[in-house]
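Thanks for making the time this morning.

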Amino acid sequence: LMQDPYPAVAANADRPIMKWRTLLTPATPTQAAVFAPTLDAQLTYGDFGARRLNVGKALLRLENEGKLGSRAEGASAKPEYVDGANFAVGVWSLNRPEWQIVDFACHAFGLVGVALYDTLGPNVVEYVTNHAPLSIIVASANHIPTLLKNAPATPCLRYVVSMDKLAHQEHTILKAWAASVGVELWQMEELERYGREAVDVHPRPPTPEMPATISYTSGTTGK
């Protein structure tokens, strides 16, 4: 899945690369999430490869067009780079297909994936966003309010992408909120379409010395 053209995708285009149980009822503070009893959904190698390619192309297009620079006054139009040449992309959700698509897109395009989680305390997401730093975060919808609340304290953040399709009213409210704090809110289909339209953007394979991922652990903040 790392090469272009992709022999694994071409040879197995119609075969499932992953299967999962559909979420029937989201979790609440008092009730666990309810999933389908069987693996009732799947994604083929062909579809996964196409979506991975479109996400990666969208990320590089945003960089090339100077849309990932910090919101801080006087900042460059380019994102801050982890190793001098590659920027980091945040992912915040439970294990799900979109998480894998974004992670593999980062690998194929020489970018650095950073997983976010809030199990270590409420301030860790803000800390990691600034420390990595993250100019774009792809997250499940339930995490978007936290990212927007943090936005005034995370000037590096320019884009939040919802893995979930938002209802019209919810989308309108969240998009207005995002705009008020200088952040662009997209949905996953918008990110993929943006990449699909980038006909002049191609995979940027990593070299062996490039960082593939950054994992923040319980000692990260020193608190």
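Let me start with helix α2, residues 45-64, and helix α3, residues 97-108, whose axes come within 8 Å and cross at roughly 60 degrees. That makes α2 oblique to α3, where angles under 35 degrees count as roughly parallel, over 145 as roughly antiparallel, 65 to 115 as roughly perpendicular and the rest as oblique. The axes here are lines fitted to C-alpha atoms, for helices over the stretch in contact, and the angles run from 0 to 180 degrees between N-to-C directions. The crossing of α2 and α3 is right-handed, a term used when the near helix is turned clockwise from the far one by less than a right angle, anticlockwise being left-handed.

Before going further, please keep in mind that this is a predicted model, in which local features need pLDDT of at least 70 and side-chain atom pairs count only at pLDDT 80 or more, whereas totals for chains, interfaces and linings use all residues. Residues are numbered from 1 along each chain as its sequence is written, and side-chain values use heavy atoms, with hydrogens and water left out. Helices (H or I, at least four residues) and strands (E, at least two) are DSSP runs, numbered from the N terminus.

Which residues of α2 and α3 meet? On the α2 side they are Phe 48, Arg 51, Arg 52, Val 55 and Gly 56, and on the α3 side Glu 98, Gln 100, Ile 101, Val 102, Phe 104, Ala 105 and Ala 108, with contact taken as heavy atoms within 4.5 Å. The residues of this contact between α2 and α3 divide into seven nonpolar, two polar and three charged, where Ala, Val, Leu, Ile, Met, Phe, Trp, Tyr, Cys and Pro count as nonpolar, Asp, Glu, Lys and Arg as charged, and the others, Gly among them, as polar.

Now to the rings, where a search of the whole structure finds three aromatic pairs; rings of Phe, Tyr and Trp (its six-membered ring) pair if their centres lie within 6.5 Å, and planes under 30 degrees apart count as stacked, over 60 as edge-to-face and the rest as tilted. One of these pairs is formed by Phe 48 and Phe 104, which are edge-to-face, at 5.5 Å centre to centre and with 85 degrees between the planes. Phe 48 lies in helix α2 and Phe 104 in helix α3, so this pair ties together parts that are 56 residues apart in sequence. Phe 48 counts as buried, at 1% relative accessibility, while Phe 104, at 22%, counts as partly exposed; buried means under 20% relative accessible area, exposed over 50%, and partly exposed in between, with a 1.4 Å probe and protein chains only. Elsewhere, ring pairs link Tyr 159, Trp 186 and Tyr 194 into a cluster.

Let me return to α2, this time with α7. The axes of α2 and α7 come within 7 Å and cross at roughly 80 degrees, and that makes α2 roughly perpendicular to α7. From α2 the contact is made by Arg 51, Asn 54, Val 55, Lys 57, Ala 58, Arg 61 and Leu 62, and from α7 by Met 188, Leu 191, Glu 192, Tyr 194, Gly 195 and Arg 196. By class, the contact of α2 with α7 has six nonpolar, two polar and five charged residues.

What do the buried residues of α7 pack against? Those residues are Met 188, Glu 190, Leu 191, Glu 192, Tyr 194 and Gly 195, and they pack against α2, α3, β7, β8 (159-162), α6 (168-180) and β9 (184-187). Glu 189, by contrast, is also placed in helix α7 but counts as partly exposed, at 42% relative accessibility.

Strand β8 holds Ser 162, which counts as buried at 0% relative accessibility. Leaving aside its neighbours within four places in sequence, Ser 162 is in contact with Ala 139, Ala 141, Ile 144, Trp 186, Gln 187 and Met 188.

Finally, two loops. Most peptide bonds are trans, but a cis peptide bond joins Ala 132 and Pro 133, with omega about -15 degrees, and Pro 133 lies in the loop between α4 (124-131) and β7 (134-139). Glu 209 lies in the loop between α7 (188-196) and β10 (213-214) and is exposed, with a relative accessible area of 65%. Glu 209 and Asp 83 are 126 residues apart in sequence, and their C-alpha atoms are 9.9 Å apart in space.
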